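Take a look at the protein shown below. This report walks through a few of its parts in turn.

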Amino acid sequence: VCAYVHGVKVVDLWASRVASRPSRWGRQPHEEEYGPSSLQNIFSSTKALTSLVIAMLVERGHLSYDLRIADIWPEFGCNGKETTTLAMVMRHEAGLSAFDGPIDVKALTTEAIRSGDVGNFIASQRARHPPGARRVYHALTRGWILNEVVRRADPAGRTIGEFLLEEVSSPLSLESELRIGLPEELHGRVAPLHDRSGWWFAKQVFLPRVLGGGRVVGLETRHRIGIALAAILAIAAAPIMVVAAMVVAFQSGALTLDGNEINSIW
């Protein structure tokens with residue numbers, strides 16, 4: 001976390017609870033510890049950056065939040081998406097919280113995006129509910145949709161990553177720190193990520209903070225109790241279900257024991 005007040009740096013903190021390990025892209029020789037020059041994925045905080053890019057294009061008159069996406073991207077206007085507005089996408093109301101298939105990672109470079117493959121894939125998607133009717137978090141889709149909108153609205157035809165670099169990061173001398181789309185020369189500064197174990201997640205869901213849990217946000221006490229009861233019932237019911245399934249299989253002759261039908265033993 002780094003914060004400036006009137007151009008003066010007042011906070012500059014960094015920390016890591018995991019021992020330093022080489023990045024999967026290779027670590028530069030001087031990068032032995034997690035520190036101020038380390039780069040890391042900010043995940044959904046990127047939505048704040050994409051929102052900033054959209055706001056700048058709105059301010060410049062190139063976009064409007066009331067704009068129908070199909071007006072600037074005609075191919076998008078099909079499969080129930082005809083009335084989708086930019087505001088609906090921004091508010092996670094577009095009905096596209098998930099795509100019906102994966103996007104090939106090779107299609108996600110700037111050059112490949114310009115070819116239109118990603119845009120065509122998104123345009124072919126069917127809305128999962130009428131646009132504006134519901135709000136479902138577009139965790140992994142919002143950015144790709146907005147990128148296609150930005151490419152069409154920006155007079156220079158830039159991607160969100162290019163716009164951010166030229167209009168925000170570079171003027172602030174953050175071109176090596178704040179990027180959407182990391183160039184290869186910066187890969188060596190990326191801090192590795194390490195998955196939490198299943199036990200850690202279970203502990204956070206079931207235990208209160210005083211017992212070392214409670215770090216999974218968005219769960220009220222009643223939710224935790226409900227999840228715990230469901231887990232207990234599932235564990236208790238598992239042996240019964242296994243035995244019942246075996247009995248059915250034995251009686252139907254689907255299973256044998258030492259080559260003899262189990263029915264003859266019963």
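## The opening hairpin

How many bridges join E1 to E2? There are 4 bridges, and the two strands run antiparallel. Strands pair if DSSP finds at least two bridges between them. Strands (E, at least two residues) and helices (H or I, at least four) are DSSP runs, numbered from the N terminus. This is a predicted model, in which local features need pLDDT of at least 70 and side-chain atom pairs count only at pLDDT 80 or more, while totals for chains, interfaces and linings use all residues. Residues are numbered from 1 along each chain as its sequence is written, and side-chain values use heavy atoms, with hydrogens and water left out.

Strand E1 covers residues 2-5 and strand E2 covers 8-12. Val5 stands opposite Val8 in E2. The hairpin has 2 residues between its strands. His6 lies in this loop.

## Positive phi angles

His6 has a phi near 55 degrees, a positive value in a residue other than glycine. Is His6 buried or exposed? His6 counts as exposed, because its relative accessibility is 83%. The cut-offs are simple: buried means under 20% relative accessible area, exposed over 50%, and partly exposed in between (1.4 Å probe, protein chains only).

Ser173 also has a positive phi without being glycine, near 60 degrees. Ser173 sits in the loop between H7 and helix H8 (198-206). At 58% relative accessibility, Ser173 is exposed.

## Helix H1 and its neighbors

Helix H1 runs through residues 46-59, so it has 14 residues. From its first C-alpha to its last, H1 reaches 20 Å. That is close to the 20 Å expected at 1.5 Å a residue. The expected span is 1.5 Å times one less than the number of residues in the helix.

Which residues of H1 are buried? They are Lys47, Leu49, Thr50, Val53, Ile54, Met56 and Leu57. An α-helix has 3.6 residues a turn, so residues three or four places apart point the same way. The buried residues of H1 pack against helix H3 (86-90), helix H6 (142-153) and helix H7 (160-169). Contact here means heavy atoms within 4.5 Å.

## Salt bridges

The structure holds 12 salt bridges. Each one is a side-chain nitrogen of Lys or Arg within 4 Å of a carboxyl oxygen of Asp or Glu. One of them joins the side chains of Lys9 and Asp12, at 3.3 Å from N to O. Lys9 is partly exposed, with a relative accessible area of 43%. Asp12 is partly exposed as well, at 35%. Arg68 forms a salt bridge with Asp71, with the closest N and O atoms 3.1 Å apart. Arg68 is partly exposed at 36% relative accessibility.

Where does the chain link to a distant part of itself? Arg60 forms a salt bridge with Glu167, and the closest N and O atoms are 3.1 Å apart. This pair links distant parts of the chain, 107 residues apart. Arg60 is in the loop between H1 and helix H2 (69-72), while Glu167 is in helix H7. Arg60 counts as partly exposed, because its relative accessibility is 40%. Glu167 is partly exposed at 26%. Both belong to a network of salt bridges that links Arg60, Asp154, Arg158, Glu166 and Glu167.
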